[in-house]
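Could you walk me through this fold? I'd like a plain tour, from the inside out.

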Amino acid sequence: MPKNKTHSGSKKRFTVTGTGKIMRGQAGKRHNFERKSSRYTRRITGEVVLAPADVKRIKRLLGQ
């Protein structure tokens, strides 16, 4: 039987922790920094835990 392929876009956007949580980057950190405050851009740096409503769908895309 053929194996299911991991969704290429999802594997670039989400990471799975050792305990099984799915982490995602925060939106708004790509462009237009002149109008965004430094305080705001520092706050959206890093990753946050994915919302529980989306976990099942993303795990299926990641092949878990």
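Which residues make up the largest nonpolar core? They are F14, I22, L50, I58 and L62, 5 residues in all. A nonpolar core here is a set of buried Ala, Val, Leu, Ile, Met, Phe, Trp, Tyr and Cys residues joined through side-chain atoms within 4.5 Å, and buried means under 20% relative accessible area, with exposed over 50% and partly exposed in between (1.4 Å probe, protein chains only).

Before going on, a word on what you're looking at: this is a predicted model, where local features need pLDDT of at least 70 and side-chain atom pairs count only at pLDDT 80 or more, while totals for chains, interfaces and linings use all residues. Residues are numbered from 1 along each chain as its sequence is written, and side-chain values use heavy atoms, leaving out hydrogens and water.

Now stay with I22 for a moment. Leaving aside residues up to four places away in sequence, I22 touches F14, T15, V16, V48, V49, L50, V55, I58, K59 and L62; contact means heavy atoms within 4.5 Å.

Step back and you'll find 3 helices and 3 strands, running α-β-β-α-β-α from the N terminus on. These are DSSP runs numbered from the N terminus: helices are H or I with at least four residues, strands are E with at least two. The radius of gyration is 15 Å, well over the 11 Å that the globule rule gives for 64 residues, so the protein is more spread out than a compact globule. That radius is taken over C-alpha atoms, and the rule is 2.2 Å times the number of residues to the power 0.38. Along the principal axes, the C-alpha atoms fill a box of roughly 55 × 20 × 20 Å, and buried residues make up 16% of the 64.

On to the sheet. Its 3 strands lie in the order β1-β2-β3, open and antiparallel; two strands pair if DSSP finds at least two bridges between them. β1 (14-16) and β3 (47-49) stand at the edges with a single partner strand each, so one side of each has no neighbour in the sheet. β2 (residues 22-25) is joined to β1 by 3 bridges, with F14 partnering R24 and V16 standing opposite I22. The two strands form a hairpin with 5 residues between them, and G20 in the turn has a positive phi of about 100°. β2 also pairs with β3 over 3 bridges, where G25 has E47 as its bridge partner.

Last stop: T41, in helix α2 (residues 38-43). T41 is buried at 13% relative accessible area, and its contacts beyond four places in sequence are K29, F33 and K36.
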